[in-house]
Amino acid sequence: MKTYEVRHEDILISDDRALLDRALIHRFLSERTYWSPGVPRDIVERSIEHSLCFGVYRAGKQIGFARAVTDFATFAWLADVFILEDERGKGLSKKLVAAIQAHPRLQDLRRFMLGTRDAHGLYAQFGFEPVKSPERFMEIAKPIPNKTIDGNAEAKV
């Protein structure tokens, strides 16, 4: 399948997995996010392999990331969206979300969802709004396993 790319001056947004800096993605998600502190590297790797991923690059270096978990027909979940701290405040999150919404394989979905604690204003600009019928939705929430040296898992919330 052909690589999807969007360019804005010196910024590249691409779905090419070969460009992803997986160590950077894991480090950011495990150390700097409220939604996945301590997430193991193998979990991040599996999430990348089973999602439509988007990297944001400046001068060949990755500065942002997002992924869409999707069946490419009816549903998508936007996850793990981030821009590195030094690159924030430059409109890159907006460019990233716009590029994701314009991706040819994500057109005509019946539902596109996400969860956020603090970026409602960003996503509202792109048509996201609170769930109209939250009583219809259910979840199973499990803590992130934190593997210890002896191989026994401890729950990390």
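Modeller: Start with Arg7, which has a relative accessible area of 58%. The model is a predicted one.

Biologist: Why is Arg7 called exposed?

Modeller: Exposed means over 50% relative accessible area. Arg7 has 58%, so Arg7 is exposed.

Biologist: What makes Glu5 and Arg7 a salt bridge?

Modeller: The cut-off is a side-chain nitrogen of Lys or Arg within 4 Å of a carboxyl oxygen of Asp or Glu. For Glu5 and Arg7 the N to O value is 3.4 Å, so the pair counts. Glu5 itself is partly exposed, at 39%.

Biologist: How do you know that Arg22 and Glu49 meet in a salt bridge?

Modeller: Their N to O value is 2.7 Å, and the limit is 4 Å, so they qualify. Arg22 lies in helix H1 and Glu49 in helix H2, so this pair ties together parts that are 27 residues apart in sequence.

Biologist: Why does Arg22 count as buried?

Modeller: Buried means under 20% relative accessible area. Arg22 has 19%, so Arg22 is buried.

Biologist: Which residues are linked in a network of salt bridges?

Modeller: The network links Arg17, Arg22, Arg41, Glu45 and Glu49. The structure holds twelve salt bridges.

Biologist: What makes Phe75 part of a nonpolar patch?

Modeller: A patch residue needs over 30% relative accessible area. Phe75 has 31%, so Phe75 passes that cut-off. Phe75 forms the patch with Val69 and Trp77, and together they have about 220 Å² of accessible area.

Biologist: Where does Phe75 lie, and is that strand mostly covered or open?

Modeller: Phe75 lies in strand S5, residues 75-83. Seven of the nine residues of S5 are buried, and the strand is mostly covered.

Biologist: How do you know that S4 and S5 pair?

Modeller: Pairing takes at least two bridges. S4 and S5 are joined by six and run antiparallel, so they pair.

Technical notes:
Residues are numbered from 1 along each chain as its sequence is written. This is a predicted model: local features need pLDDT of at least 70, side-chain atom pairs count only at pLDDT 80 or more; totals for chains, interfaces and linings use all residues. Side-chain values use heavy atoms; hydrogens and water are left out. Patches are made of residues with over 30% relative accessible area and no salt bridge: like charges are joined within 9 Å, nonpolar side chains (Val, Leu, Ile, Met, Phe, Trp, Tyr) within 5 Å. Accessible areas come from the Shrake-Rupley method with a 1.4 Å probe; for residues, only the protein chains shown count as cover. Helices (H or I, at least four residues) and strands (E, at least two) are DSSP runs, numbered from the N terminus. Buried means under 20% relative accessible area, exposed over 50%, partly exposed in between (1.4 Å probe, protein chains only).
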